[in-house]
Amino acid sequence: MNKLVEDDAAAKARKGRNIALGLGLVAFVLLVFVVTVVRLGANVANRPF
Amino acid sequence: MPKIAAMIPETDQPLANPATARWQDFFQLLKPRVMSLVVFTGLTGLLAAREPMHPVLAAVAVLCIALGAGASGALNMWFDADIDGLMRRTRGRPVPSGKVRGDDAAALGVVLSLLSVMLLGMAVNWLAAGLLAFTIVFYAVVYTMWLKRWTTQNIVIGGLAGALPPAIGWAAATGSAPLNAWLMVAIIFLWTPPHFWALSLYITTDYAKAGVPMLPVIKGAKHTRLQILIYSLILVPVCLTPVLTGLGGPLYLAVAGLGGAVFLLLAFRVFLSKAGDAADPRAADRDLYEVTEDAKAAGAKAARNLFAFSILYLFAMFAALLGEAVLGVKALELLR
């Protein structure tokens, strides 16, 4: 493969990898957010004033 | 073990072109089929604990178990690419087929290992995370890098990694790992040898070619058939113990009892058969070692039957435990 010119197969594969990675990152961020709300929520409800 | 190392020939792996690696190739590194089985047994452990758990945290726990299993798979495929390329069953895997670079597979495995363990620890509890970390290290390092190429007991000891998910699930739900959690581990642990040896009896030549010291390759088919019978005789009574300790109910008793009887029958048939004899690499050197075509076919069939039924047996027992937990069926405690 020419270093400067990317062929169609490589471009398609890269696009697919990037989309999968992007979706994975978004899912991870959402997961951390939801877990934080769930865990923090219980602790906030039980906090001693 | 130098003898085994010498048996492993050099492979002509195609040069990987990372530019054309698709996301599906990376997904294949996670061994999705193994992952689904691990998710099933882990979920069963989590629900069989019968401890109320926030559904989101339960889902995160199962996800982490799946990711941890996937990470182990990727690390295994990275390290075993040389021998995977020599066996029909595994030569199409992403690394030996040149779709993904070995380094990329290793990186994915390490990243997912850290991610799954840290997430499980922070979201659920550190006992579950510790057990998951132990499972990954045991599979990727102890089994893949050491036992698999060194001893005929590779899948016996290495089977512990595949057996641990129910204990991880149980620990995630309760923060502890009592006897009943370990009974589920023991069932999978004792199930693994007859299951894999039945398979290896009819694909022995492939393992021999790759230099993997599977029991039939080193000790012969006859010894393997005896070991299958011995492990089956231990497995079936252990499968019945959950009804003594308050883990399994009447449905489980029926499944484990009836399935166990069939399992023993099939194991005994394998013991009496010639399964694996045709594939025994030492058989060719023996003039008096004659196996008729009918006996070869019957032997392979006996091994295939046991292999297929073993999957059904384990699945049915865990499905029964899962079903009883979900439906709230009272577990039996015959010891009390």
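**Entry 1. Contact between the chains**

I began with the place where the two chains meet: 10 residues of chain B are in contact with 11 residues of chain A. On the chain B side, I found that α4(B) gives the most, with three residues. I then sorted that side of chain B by class and noted seven nonpolar, two polar and one charged residues. I keep in mind that this is a predicted model.

**Entry 2. Chain B overall**

I looked up the secondary structure of chain B and listed 15 helices and zero strands. Of the 336 residues in chain B, 50% are buried. I also checked how far apart in sequence the contacting residues are. Counting contacts in chain B between residues at least 6 apart in sequence, I noted that 78% join residues at least 24 apart.

**Entry 3. Domains of chain B**

I took the bounds from the domain assignment, which gives domain 1 as 26-177 and domain 2 as 179-336 in chain B. The C-alpha centres of these two domains of chain B lie 22 Å apart. Across the boundary, I noted 28 residues of domain 1 of chain B in contact with 26 residues of domain 2 of chain B.

Next I asked which helix gives the most to the side of domain 1 of chain B that touches domain 2 of chain B. The helix is α8(B), with seven residues. The helices of chain B that each supply at least two residues of that side are α3, α8 (154-163) and α9 (165-174). By class, I recorded 15 nonpolar, eight polar and five charged residues on that side of domain 1 of chain B.

**Entry 4. Positive phi at B:K31**

I turned to the backbone and looked at B:K31, where phi is near 50°, a positive value in a residue other than glycine. Most residues other than glycine have a negative phi, so I made a note of this one. I placed B:K31 in the loop between α2 (23-28) and α3 (32-48) of chain B. Is B:K31 buried or partly exposed? I noted B:K31 as partly exposed, because 19 other C-beta atoms lie within 10 Å, and a buried residue needs 20 or more.

**Entry 5. Positive phi at B:R50**

I looked at B:R50 in the same way. B:R50 is not a glycine, yet its phi is positive, at about 55°. I found B:R50 in the loop between α3 and α4 (55-79) of chain B.

Note on methods. Residues are numbered from 1 along each chain as its sequence is written. Chains are lettered from A and ligands numbered from 1 in the order in which they are written. This is a predicted model: local features need pLDDT of at least 70, side-chain atom pairs count only at pLDDT 80 or more; totals for chains, interfaces and linings use all residues. Helices (H or I, at least four residues) and strands (E, at least two) are DSSP runs, numbered from the N terminus. A residue is buried if 20 or more other C-beta atoms lie within 10 Å of its own, exposed if 12 or fewer, and partly exposed in between; C-beta atoms are placed from the backbone. Two residues are in contact if their C-beta atoms, placed from the backbone, lie within 7 Å. Ala, Val, Leu, Ile, Met, Phe, Trp, Tyr, Cys and Pro count as nonpolar, Asp, Glu, Lys and Arg as charged, and the others, Gly among them, as polar. Domain bounds come from an automatic or database domain assignment.
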